[in-house]
Amino acid sequence: MEAKSKKAGGSRLCCLCNLRRPVLKRPKTLQQICRECFYEVFEEEIHQVIVQNRLFKSGERVAIGASGGKDSTVLAYVLSELNRRHNYGLDLFLLSIDEGITGYRDDSLETVKRNEVQYGLPLQIVSYKDLYGWTMDEIVKMIGLKNNCTFCGVFRRQALDRGAALLKVDKLVTGHNADDIAETVLLNILRGDIARLSRCTSITTGEDGPIPRCKPFKYTYEKEIVMYAYFKKLDYFSTECIYSPNAYRGFAREFIKDLERLRPRAILDIIKSGEDFRIATTTKMPEQGTCERCGYISSQKWCKACVLLEGLNRGLPKMGIGRPRGVNGDHRKETKKLASAAKSIESKQCGSLDF
């Protein structure tokens, strides 16, 4: 029968079931498989990652970081399915952050609201405006396009934790995939940030904090997430952030894609290198503490969010990013203002970050 099929159609059959025609070649294994087998292996691999790493306990409340994009949408769908199929016993919630980006986040949040109905998961939306008094549109208007991702990244991470605290969840899961983690490993190497390099490949982080974060997609390729969303006809938002085209991470992303074309397993190899990274016992590492102003996790007296926010409120947006670029008297004047403002942070309350 197989020989007859090959002769008639000239095509192979799925290498797993040997019954149906393949629809894709898996980037990790190069197996040519059919749609049904792809669903099965995709979901089973994620289930095994969850079980082997003991990501959840029965009865836990778990927030899914939902942006409306492909990763978080597939994560919400798959985690809902696996929770029912394998009786994880989890209470799942969707948690979205509204950065205040007109023409991007407002549209993607509409997708998340539809996902709320489609998957039957309660949704909590937390906004930068409510937390910090600023939207990203307002921040970009003040600082321009050069360092906007620094503000957004710092604020977003804290906003997710604040939102998770509002939901009173035990865990926060994010849709970071294998490509994302490999990019982060490279970025930390390029920056010489050994503290982050030592923990960026951990599947669970923040275990010492109030709300640990998990990455069930740690070994899942972005290509397969896209194909899963496409075949399942999931409702997701695919437009790129209007402020991110010049982000530094984009260079690492392009490099990773080039490596993957030459060696499909390069992504997993980079993650493995990050996992095997060890820091000498004699190396002094920053000690984790809490911000004296807002109580958030920080290795300094004041967390990065508080420093950045203080700079915005004082009209000194370069505070906390780097040395300001001025000339002659203007440079010295700006430097003096930054130093004075930074010094005053210690004595000032951070009411906009308090709950």
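## Cysteines

The sulfur of C14 lies 3.7 Å from the closest cysteine sulfur, in C37, which is too far for a bond. A disulfide is a pair of cysteine sulfur atoms within 2.5 Å, and the structure holds zero disulfides. C37 is in no disulfide, and its nearest cysteine sulfur is that of C34, 3.5 Å away.

C14 has a relative accessible area of 0% and is therefore buried; C37, with 8%, is buried too. Buried means under 20% relative accessible area, exposed means over 50%, and partly exposed is in between, for a 1.4 Å probe and protein chains only.

## Model and confidence

This is a predicted model, in which local features need pLDDT of at least 70 and side-chain atom pairs count only at pLDDT 80 or more, while totals for chains, interfaces and linings use all residues. Residues are numbered from 1 along each chain as its sequence is written, and side-chain values use heavy atoms, with hydrogens and water left out.

The predictor's confidence in each residue is given as pLDDT, from 0 to 100. The chain has a mean pLDDT of 85, and 86% of its residues reach 70 or more. Among the elements of the chain, β3 has the highest mean pLDDT (98) and helix α1 (residues 2-9) the lowest (44). Over residues 323-335 the pLDDT is below 50, and this stretch has eleven contacts in the model beyond near neighbours in sequence. Residues 341-355 also have pLDDT under 50, with 36 contacts beyond four places in sequence. Contact means heavy atoms within 4.5 Å.

## Annotated binding site

An unreviewed UniProt entry places the feature "binding site" at G65, A66, S67, D71, I97, G175 and D180. Of these residues, A66 and S67 are included in the lining of the largest cavity. On a 1 Å grid over the protein atoms alone, a cavity is a set of points where a 1.4 Å probe fits but cannot get out, and lining residues have an atom within 4 Å of a point. UniProt positions are given in the numbering used here, feature names are shortened, and annotations may be inferred rather than shown by experiment.

A66 is found in the loop between β3 (61-65) and α3 (70-85). Helices (H or I, at least four residues) and strands (E, at least two) are DSSP runs, numbered from the N terminus. A66 counts as buried because its relative accessibility is 6%. Leaving aside neighbours within four places in sequence, A66 is in contact with S72, L94, L95, S96 and V112.

D180 is found in helix α8 (residues 178-191) and is buried, with a relative accessible area of 16%. Leaving aside neighbours within four places in sequence, D180 is in contact with D71, G175 and R249.

## Annotated C-terminal domain

The unreviewed UniProt entry gives the annotation "domain: Cytoplasmic tRNA 2-thiolation protein 1 C-terminal" to residues 289-319. This span is 32% helix and 13% strand, and its end C-alpha atoms lie 21 Å apart.

## Aromatic rings

A search of the whole structure finds 15 aromatic pairs. In the pair Y128 and Y132, the ring centres are 5.6 Å apart and the planes at 70 degrees, so the pair is edge-to-face. Rings of Phe, Tyr and Trp (its six-membered ring) pair if their centres lie within 6.5 Å; planes under 30 degrees apart count as stacked, over 60 as edge-to-face and the rest as tilted.

Both Y128 and Y132 lie in helix α5 (residues 128-132), four residues apart, about one turn of the helix. Y128 is buried at 0% relative accessibility, and Y132 is buried at 2%. One aromatic cluster is formed by F38, Y39, F42, Y77, Y119, F217, Y228, Y230 and F231.

Definitions and conventions: 1 Å grid on protein atoms, 1.4 Å probe; cavity = no way out; pocket = protein on both sides within 12 Å on 5 of 7 lines; lining within 4 Å.
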